[in-house]
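This report is for a reader meeting the structure for the first time. Please look through the sequence and the model before reading on.

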Amino acid sequence: MNEGRVMEAIKIILEEIGEDPNREGLKETPKRVMNLFKEIYGHTGINPNEELNTVFSEEHDEMVVVKDIPFHSTCEHHLIPFFGKVHIGYIPNGKIVGLSKLHRLVENTSRRLQVQERMTTMISKAIVDKLSPKGVIVVVNAEHLCISMRGIKKLGSITTTFSSEGVFKNDINLKNDFYHAIKL
Ligand SMILES: Nc1nc2c(ncn2[C@@H]2O[C@H](COP(=O)(O)OP(=O)(O)OP(=O)(O)O)[C@@H](O)[C@H]2O)c(=O)[nH]1
Ligand SMILES: [Zn+2]
């Protein structure tokens with residue numbers, strides 16, 4: 001990221017909304033926003049698979065569920081946040097992954113410009129690529145500020161997206177076990 005160019009762009013935006021970028025409260029704002037961008041877009045272009053490098057050989061063949069993984073991402077249409085929780089379930093096939101790595105995977109897929117559907121699929125695809133599990137299922141619940149804060153202005157609506165691979169694709173009982181575990 002060219003820090004100077006980003007700060008200049010923020011300064012121009014401040015001027016164009018009618019603000020004085022030199023007043024005390026705003027003097028450091030271009031720099032703050034530049035640092036914010038580094039943080040919230042910091043995984044742009046980084047392959048999510050990289051987060052799943054710590055795997056262990058293990059003959060556990062029942063479902064593993066990690067629920068309520070919090071995330072904040074940024075809507076690529078409006079550049080404002082959408083945020084919520086991710087729930088992940090997978091059935092290992094000889095390999096398990098370090099649990100924190102699933103949190104890192106969510107962090108990776110959310111710290112970039114996103115749409116919720118793509119984020120959901122990116123998570124399940126990385127798990128398939130790195131673990132070759134018998135099955136994986138991902139559910140994302142999120143509130144979009146572009147829906148609640150502007151435009152249609154509907155406060156409180158939640159969007160739920162699903163992605164499943166392998167045995168979860170067509171086995172309704174397995175899906176129900178997962179939904180029960182996350183109490184959807
Ligand atoms: N499917 C999907 N749509 C999204 C997501 N985030 C934002 N959107 C939608 O992207 C669409 C962009 O629509 P446009 O008509 O191009 O933009 P707009 O005029 O600002 O639309 P409004 O939000 O309806 O005011 C909107 O319907 C948003 O609700 C997302 O994660 N998934
Ligand atoms: Zn949006």
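The sections below cover the model, its domains, a helix pair and the ligand shell.

## Model and numbering

This is a predicted model, in which local features need pLDDT of at least 70 and side-chain atom pairs count only at pLDDT 80 or more, while totals for chains, interfaces and linings use all residues. Residues are numbered from 1 along each chain as its sequence is written, and chains are lettered from A and ligands numbered from 1 in the order in which they are written.

## Domains

The protein chain is assigned domain 1 (3–41) and domain 2 (51–182); such bounds come from an automatic or database domain assignment. Between the C-alpha centres of domain 1 and domain 2 the distance is 33 Å.

## Helices 1 and 2

Helices are DSSP runs (H or I, at least four residues), numbered from the N terminus. Helix 1 (residues 3–16) packs against helix 2 (residues 29–40) at an angle of about 120°, and their axes are 8 Å apart. Axes are lines fitted to C-alpha atoms over the stretch in contact, and angles run from 0 to 180 degrees between N-to-C directions.

Contact means C-beta atoms, placed from the backbone, within 7 Å. On the helix 1 side the contact includes Val6, Ile10 and Leu14, and on the helix 2 side it includes Val33, Met34 and Phe37.

## Around ligand 1

A residue is near a molecule if its C-beta atom, placed from the backbone, lies within 6 Å of it. The residues around ligand 1 include Cys75, His77, His144 and Cys146. Helix 4 (116–131) and helix 5 (145–148) each give two or more residues to this shell.

How values were computed
Contact = placed C-beta atoms within 7 Å.
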